[in-house]
Amino acid sequence: MAGLLPDFSNEISEKTADVLLKFSYDNTLEEIDGAMATFQEKYSGKKHKIILVAYSLLTIAAIVLIIMDLTNPLPYLALVFCAFNLYYNFTDRKRMRKKILEAIAETNPEDYTAAVYEDKIEIDTIIKPKDDEVQLEKEDDETQNIAPVKSVFTFGVDMLDFDENEESLLLIVARRQTYCFPKRCLSKEQEEKLRAILSEKTEM
């Protein structure tokens, strides 16, 4: 009878061998802020700098006009307008990140598990209860758990990009979403291997 049963051992071994790298991690608010800052610099940094330079020049021009004619009210209005927009654009990205971090701080903490394969990367998001939340239990005293949310991204198919800052390795999906892999959660060998894989697999 045993000979009639299919042999799954090879399939299981091949499946296990397909995993190039697997690790667990979480994100601090500081790491998330750093990831967002890196994302902003990568995709909007040049445009942001052009806007700042433009408003800086306009502010200087308004000051020169005021010096040339102290009685003309228009340069004063132009100075106020340019100075306000210069300050607003200088601080807007930091202000945006602060609002997002405040919203994240109010949500339940999350843990992640990432598995990297030859052709894809899978990320499981595990939502944990807050420290001050009371766990509801079933009648059999088993704690109710929220099932992990799995995200799968295929190399060469999904629009993926790779970046890095001092704290983390970053996987950017479709220029909209960033997965932050903190270096503190990786061994040196894992960090080097993940960097090499993402650098090679996300080359565009």
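Is Cys82 buried or exposed? In this predicted model, Cys82 has a relative accessible area of 6% and is therefore buried. Cys180 is buried as well, with a relative accessible area of 4%. The cysteine sulfur closest to that of Cys180 belongs to Cys185 and lies 8.9 Å away, which is too far for a bond. A disulfide would require the two sulfur atoms to be within 2.5 Å. The count of disulfides is zero.

**Overall layout**

The chain contains four helices and seven strands. Read from the N terminus, the order of elements is α-β-α-α-β-β-β-β-β-β-α. The chain has 204 residues, and 30% of them count as buried. Its accessible surface is about 14100 Å², with 59% of that belonging to carbon and sulfur atoms. Among contacts with a separation of 6 or more, 62% are between residues 24 or more positions apart.

**Helix H2**

Helix H2 covers residues 29-68, a run of 40 residues. A straight helix would reach 58 Å at 1.5 Å a residue, but the end C-alpha atoms of H2 are only 49 Å apart. A bend of about 75 degrees is found in H2 at Ser44.

**Aromatic pairs**

What describes a pair of aromatic rings? The distance of the centres and the angle of the planes do. Seven aromatic pairs occur in the structure. Two of them are listed here.

| Pair | Distance of centres | Angle of planes | Class |
|---|---|---|---|
| Tyr25 and Phe181 | 5.3 Å | 90 degrees | edge-to-face |
| Phe39 and Tyr43 | 4.9 Å | 55 degrees | tilted |

Tyr25 is part of strand E1 (residues 19-26) and Phe181 is part of strand E7 (residues 177-182), so their pair ties together parts that are 156 residues apart in sequence. Tyr25 and Phe181 are both buried. They also belong to a cluster in which ring pairs link Phe23, Tyr25, Tyr112 and Phe181.

The pair of Phe39 and Tyr43 lies within helix H2. Because these residues are four apart there, about one helical turn separates them. In an α-helix, residues three or four places apart point the same way, because there are 3.6 residues a turn. Tyr43 has 27% relative accessibility and so counts as partly exposed.

Which residues does Leu101 contact, leaving aside its neighbours within four places in sequence? They are Leu29, Ile32, Asp33 and Met36. Leu101 is placed in helix H3 (residues 74-105), and its relative accessible area of 15% makes it buried. Although Leu101 and Leu29 are 72 residues apart along the chain, 6.6 Å separates their C-alpha atoms.

Val173 is in strand E6 (residues 168-173). With a relative accessible area of 11%, Val173 is buried too. The C-alpha atom of Val173 is 7.6 Å from that of Asp158, a residue 15 positions away along the chain.

How values were computed
Residues are numbered from 1 along each chain as its sequence is written. This is a predicted model: local features need pLDDT of at least 70, side-chain atom pairs count only at pLDDT 80 or more; totals for chains, interfaces and linings use all residues. Side-chain values use heavy atoms; hydrogens and water are left out. Buried means under 20% relative accessible area, exposed over 50%, partly exposed in between (1.4 Å probe, protein chains only). Helices (H or I, at least four residues) and strands (E, at least two) are DSSP runs, numbered from the N terminus. The expected span of a helix is 1.5 Å times one less than its number of residues. The bend at a residue is the angle between axes fitted to the seven residues ending there and the seven starting there. Contact means heavy atoms within 4.5 Å. Accessible areas come from the Shrake-Rupley method with a 1.4 Å probe; for residues, only the protein chains shown count as cover. Rings of Phe, Tyr and Trp (its six-membered ring) pair if their centres lie within 6.5 Å; planes under 30 degrees apart count as stacked, over 60 as edge-to-face and the rest as tilted.
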